Amino acid sequence: MLCACSGEQFKFEDAPQSPESLATRDFSASGLSSRTGDWESKLEDVQVDEVESTLKEALSLNYEEARALLGRLEYQRGNFDAALQVFQGIDIKGLTPRMTRAIIERTRQRKPRSKGDIIPPSVMSMHSVSLLLEAILLKAKSLEELGHFTEAAKECKIILDVVEAALPNGMHEGVAEDCKLQEMFHKALELLPNLWTKAGFLSEAITAYRRALVKPWNLDPLRLASVQKDLAAMLLYGGVEKSLPPHLQVWGSTTPNGNIEEAILLLLVLMQKVAYGEIKWDADIMDHLTFALSVTGQFELLAGHVELALPGIYERAERWYLLGLCYAAAGQNEVALNLLKKVSGQSEANHKCHIPALLFGAKLSSQDPRHAHYGITFARNVIDLADQVNEHFKGQAHKFLGVCYGNAARISISDSERALFQKVSLTSLNSAALNMKEDPEVMFKLSLENAVQRNLDVAFDNAMAYSNMVTENSGRGWRLLALILSADRRFKDAETILEFALDEAGRLDQLELLRLRAVLQIAQERPKQAIETYRILLSLIQAQREPQSNNSENAKSSDSEV
């Protein structure tokens with residue numbers, strides 16, 4: 001039965017006389033014509049039985065095309081069940097070899113053909129191939145709409161298998177000139193990994209993404225970048241470790257070792273495209289790269305890419321804040337602090353202050369007594385700027401302000417200034433404790449400052465409150481308690497605390513606790529016990545160094561072999 005198509009309407013009747021009818025178009029594309037002269041010329045070149053077989057194949061093909069067109073109409077109307085029933089009547093398995101052969105024959109690079117180099121009339125037209133590929137794609141989408149994701153992915157994969165079997169080296173530019181083959185293929189490339197993801201087969205989704213990238217499929221820059229970004233996100237957050245197959249490990253020792261390295265390479269390629277203007281800035285790419293480089297500890301590389309961002313993408317204060325975070329994470333606190341100082345500089349006087357940057361500057365300054373006065377300035381600015389929306393920042397600012405005043409008091413030369421700084425330090429820390437009653441860090445800082453100022457009873461109460469707040473054993477909390485007790489000359493109680501802490505603490509905390517126990521034993525004029533404690537301490541240090549030395553020797557031997 002033949003099908004005539006006119007716009008969006010279908011009706012089964014006698015074949016129309018219009019030259020645009022499906023049957024006429026298919027016969028013309030196959031090298032057959034309804035004109036008597038063409039048939040007579042064909043009969044002169046081929047045998048009668050070959051003509052008959054060609055006719056049968058053409059009529060059968062028209063039937064399949066009719067189903068493809070009818071299925072498309074049902075899909076466009078939203079009748080996915082009906083569309084699926086129509087598409088299931090197409091013998092895709094039987095047509096697959098013919099479609100592959102047609103793509104091979106009709107996508108060859110155009111060269112002058114000899115008289116004997118004629119495409120056989122039984123080869124399908126590219127129009128028919130595109131129509132059937134579209135039918136497979138719409139069948140997959142219908143299955144997706146009905147929630148059958150695995151079956152949809154298997155149908156979509158047929159399109160990739162057909163085209164890749166015909167074009168094993170990729171798709172040259174001339175393919176898109178005459179038909180919709182490239183368009184259908186590109187849609188299938190994008191759809192397949194999404195279907196596998198919805199079906200829960202993340203390994204298959206990663207394989208599908210890689211399949212779209214390993215060969216030149218003429219994807220436009222935006223589509224290619226989208227596939228690369230989606231693959232990077234899947235590798236980072238998918239939770240499935242999928243190493244590269246052997247045939248893709250073509251870079252030897254520089255082949256990405258694991259999902260994160262592969263994702264970083266993809267994201268670096270995308271950032272390079274952004275820098276060259278091939279694609280527009282995409283905040284998601286930077287977010288993925290930030291996560292990947294942070295996880296791997298490559299903070300300086302991340303800072304370099306933040307610096308490469310064009311003006312206008314980040315506000316100046318935000319850029320300095322991000323760079324400060326990167327360099328601080330890399331251990332370069334001085335560089336980070338110099339960048340954060342610009343936020344409170346004269347150049348930003350007319351701009352809205354960036355409170356997180358000021359607060360981070362106060363935190364870095366509180367870690368070094370040399371920068372105590374900078375920290376006081378940062379913290380004061382946060383307290384002055386914090387409104388009702390940013391009220392929660394005030395508690396943190398008071399905490400850092402108290403720590404910075406305490407550090408400033410310890411390096412102050414003037415006694416009167418030292419006394420003033422110590423008073424303000426306790427006032428600020430107490431204010432922070434009132435605003436953040438459940439923050440153990442504030443309680444620890446308050447206990448430490450009271451201990452330094454010899455308010456031992458208050459310091460002990462604060463230290464006990466800190467120990468009750470932390471959910472797991474804290475080595476520094478036990479040490480602080482022991483130090484407070486020893487400062488009050490309660491050596492036995494301090495040593496009891498240390499004995500209990502040694503049983504609960506980890507290896508690193510044990511080293512500090514043993515050293516403190518030895519000091520307490522010396523203070524009690526018990527040198528023999530102190531010597532035994534130091535012996536235990538040295539044995540633990542030696543045991544900790546041996547694995548490190550073995551690892552370094554193994555690394556050197558591997559480097560020499562390379």
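## Phe-87 in helix H4

Phe-87 sits in helix H4, residues 80-88. Helices here are DSSP runs (H or I, at least four residues), numbered from the N terminus. The model is predicted: local features need pLDDT of at least 70, side-chain atom pairs count only at pLDDT 80 or more, and totals for chains, interfaces and linings use all residues. Residues are numbered from 1 along each chain as its sequence is written, and side-chain values use heavy atoms, with hydrogens and water left out.

Phe-87 is buried, at 1% relative accessible area. Buried means under 20%, exposed over 50%, and partly exposed in between (1.4 Å probe, protein chains only). Beyond residues up to four places away in sequence, Phe-87 touches Arg-67, Ala-68, Gly-71, Arg-72, Ala-135, Leu-138, Lys-139 and Ser-142. Contact means heavy atoms within 4.5 Å. Leu-138 is 51 residues from Phe-87 in sequence, yet their C-alpha atoms are 8.4 Å apart.

## Helix H7 and its cover

Buried residues of H7 include Ala-152, Cys-156, Ile-159, Leu-160 and Val-163. Glu-155 and Glu-164 are also buried. Among the elements covering the buried residues of H7 are helices H5 (92-106), H6 (126-145), H8 (181-199) and H9 (202-213).

## Ile-260 in helix H11

Ile-260 lies in helix H11, residues 259-275. Its relative accessibility is 30%, so Ile-260 counts as partly exposed.

Conventions
Helix = DSSP H or I, 4+ residues; strand = E, 2+ residues; numbered from the N terminus.
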